[in-house]
Amino acid sequence: MLRWLLGAALLARAVGFYLPGLAPVSFCEPGTELIPDCKSVIELFVNRLDSVESVLPYEYTAFDFCSEKTMKRPSENLGQVLFGERIEPSPYKFEFKKPAVCQKVCTRTYDTNNPSDKAKLYFLKKGMLLNYQHHWIVDNMPVTWCYDVEDGQKFCNPGFPIGCYVTEARRPKDACVVNSNFNEDDAFYIFNHVDITIHYHIVEHEQLGARLVAAKIEPKSYENPNEDSPDCSGGPKFLKNKYTGVFKIPYTYSVNFVEDKNIRWASRWDYILESMPHTNIQWFSIMNSLVIVLFLSGMVAMIMLRTLHKDIARYNQMDSVEDAQEEFGWKLVHGDVFRPPRKGMLLSVFLGSGTQIFIMTFVTLFFACLGFLSPANRGALMTCAVVLWVLLGTPAGYVAARLYKSFGGEKWKTNVLLTAFLCPGVVFADFFVMNLILWGEGSSAAMPFGTLVAILALWFCISVPLTFIGAYFGFKKTGIEHPVRTNQIPRQIPQQSFYTKPFPGIVMGGILPFGCIFIQLFFILNSIWSHQMYYMFGFLFLVFIILVITCSEATILLCYFHLCAEDYHWQWRSFLTSGFTAVYFLVYAIHYFFSKLQITGLASTILYFGYTMIMALIFFLFTGTIGFFACFWFVTKIYSVVKVD
């Protein structure tokens, strides 16, 4: 197990050092034509703006900043579109090793008497009030704003604010605390100037020019009295909340180049990842969680093996008729344990979809561990997951059909259609409603109509036919042979104690699996809603393995207790016992919303819970499937090794 831990730690760390599939770009000074494939112009791209106080991201152009309309915008992959990323070219362009001071980009003029200008200015003020952040990209690397935090540490944020607000009581909000001159009451301060520092590393022993290893920014605010030829002078640029008249915002930038011999191109993301908050806590917490879970799993396994071994030995030693008549415990229900469950159709459909999600998650995390789905490869994680889900229709159809046939079902057409459309349909309907809200709010996360059609085409033209093919082979194969025969008359289940009743067992069963993931869950939710980078896929993969083991063992343990209490309805119970982990996930997500997030507005709240419901459903199917198959294997195993007359 120590090898596993070390391997996972190395995999997680490796993401920061080498990113497969992304080739370095060389830069050289203007006029240098001796080096082939060497660029002299550094292009700066802008991405969508987002906020921790709102779920709604917006395109760069929505805030009326200086824009570049002549260049073609780079194409985005499916994952980027789903996450609302909208990368566009910007008017900020500079030549390598050619510093610039207070270069004018453009001037935006607003007249509050003009309804269009007034609406634009109101939207800009709203963005500053909700602390919306720029996300700029240079050489496929985020431009970071680095500042000091407590304990003398430096935090590098892959975004910087568009401005900030000082309240009527002269209390600075968000980024306004960085400057003591931001002291006007009820005023918005605009960061209309940026100091950009490009760090580069000259490649030694190779004629390849230089490679960019960091891009840092410092947002500033200048009044610039002379708007036609700004000189970055005067006090900070602010806008009173109730201002009326004409208001001008000149946008400027300065750029400087610094050679850095310590940072290599392959490890240029390290300074961002190492400064992420709670990183050190995460390593310790995950290790602590894993040790606890492994200890509990060992205890469960030991109890199961010792108790079962004694049971099987005792049952197999019963030779006389009198002993056979005095059967007790789980052997007593051998004639009913493989009786088809109620609502077998629905259970088989859930298990088919759960199998599809399980394989998708495993393969995606495996590729993420190898570094192919790192933060530098934008949108790759979501693209990989969606494509895998589409291609894994065959296992879903096969599992659903095979199990439905073993449950004695005959409505195979209904089974195939439900497998192909029920769970994906619920997810798509939720997603479509969320998309309508995003579209109504004018957010960049609203999926374009063309992409929506493309996803439907992937579903109907690839996933559904593959599900049908899987179901065909599943129904064609002979039914699963059980080790014992099922009696014609169902056995009466005796009165159960409180702990062996279905609901208490199901509620208790989800606690242990949730206990092994909730620390990791905090960082995953942070990456989604607080826009922090997630890169520790090695540890996530290890937690995934531990989750599978814990779900299996907790379900098997409870299944054994229920069989000993002569309750043979294990199929749905095993699915729901593990699946109840999703309910704990939902409760934790609600707690996270109220305790950690500062999200405001009805639309953002609806979006948060709408997307959380999708995640909870997927997690429910995923964990429930693990529990069912673990219990199915266990029941088949124990009844195949005892002598049944």
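Visitor: Over how many bridges do β16 and β17 pair?
Guide: Keep in mind that we're looking at a predicted model. β16 and β17 run in the antiparallel sense. Within that pairing, I196 has I217 in β17 as its bridge partner. The count of bridges between β16 and β17 is 10.

Visitor: And which way do β16 and β19 run, parallel or antiparallel?
Guide: β19 covers residues 246-259, and eight bridges join it to β16. One place to look is I198, whose bridge partner in β19 is F257. Strands of a sheet can pair either way through backbone hydrogen bonds. For β16 and β19, the direction is parallel.

Visitor: Why is β16 largely enclosed by the rest of the structure?
Guide: Strand β16 spans residues 193-202, which makes 10 residues. To count as buried, a residue needs under 20% relative accessible area. β16 is largely enclosed because the number of its residues that are buried is seven.

Visitor: Where is K237 found, and is it buried or exposed?
Guide: K237 is in the loop between β17 (210-220) and β18 (238-240). Leaving aside neighbours within four places in sequence, its contacts include F188, Y189, I190, F247 and P250. The relative accessible area of K237 is 4%, so K237 is buried.

Visitor: Let's move to another sheet. In what order do the four strands of the open sheet come?
Guide: Start from the edges: β6 (88-95) and β10 (141-142) each pair on one side only. Further in, β3 and β9 are joined by three bridges and run antiparallel, with L44 standing opposite V138 in β9. Put together, the order is β6-β3-β9-β10.

Visitor: What is the phi of D139, and is D139 buried or exposed?
Guide: D139 sits in the loop between β9 and β10. Most residues other than glycine have a negative phi. D139 isn't a glycine, yet its phi is positive, at about 55 degrees. With a relative accessibility of 14%, D139 counts as buried.

Visitor: How about R170, buried or exposed?
Guide: R170 is in the loop between β14 (163-166) and β15 (187-190). R170 is another residue other than glycine with a positive phi, near 60 degrees. Its relative accessible area is 53%, so R170 is exposed.

Visitor: Which strand gives the largest share of the lining of the second largest pocket?
Guide: That pocket has a volume of about 530 Å³. Of its 28 lining residues, F45, I137, V138, D139 and N140 are the closest to its centre. Two strands, β3 (41-46) and β9 (136-138), each supply at least two residues of the lining. The largest share is four residues, and it comes from β3.

Visitor: How many nonpolar residues are in that pocket's lining?
Guide: Sort the lining by class and you get five polar and six charged residues besides the nonpolar ones. The nonpolar count is 17.

Visitor: How far apart are the C-alpha atoms of A429 and I614?
Guide: A429 has its place in helix α10 (residues 412-440), and it is partly exposed, with a relative accessible area of 41%. Along the chain, A429 and I614 are 185 residues apart.

Visitor: Last one: what percentage of the residues in the protein chain count as buried?
Guide: The chain has 17 helices and 19 strands. Of its contacts with a separation of 6 or more, 78% are between residues 24 or more positions apart. Out of 645 residues, the share that count as buried is 52%.

How values were computed
Residues are numbered from 1 along each chain as its sequence is written. This is a predicted model: local features need pLDDT of at least 70, side-chain atom pairs count only at pLDDT 80 or more; totals for chains, interfaces and linings use all residues. Side-chain values use heavy atoms; hydrogens and water are left out. On a 1 Å grid over the protein atoms alone, a cavity is a set of points where a 1.4 Å probe fits but cannot get out, and a pocket is an open set with protein on both sides within 12 Å along at least five of seven lines; lining residues have an atom within 4 Å of a point. Grid points are joined across faces, edges and corners, and a volume is the space filled by probe spheres set on the points. Ala, Val, Leu, Ile, Met, Phe, Trp, Tyr, Cys and Pro count as nonpolar, Asp, Glu, Lys and Arg as charged, and the others, Gly among them, as polar. Two strands pair if DSSP finds at least two bridges between them. Buried means under 20% relative accessible area, exposed over 50%, partly exposed in between (1.4 Å probe, protein chains only). Contact means heavy atoms within 4.5 Å.
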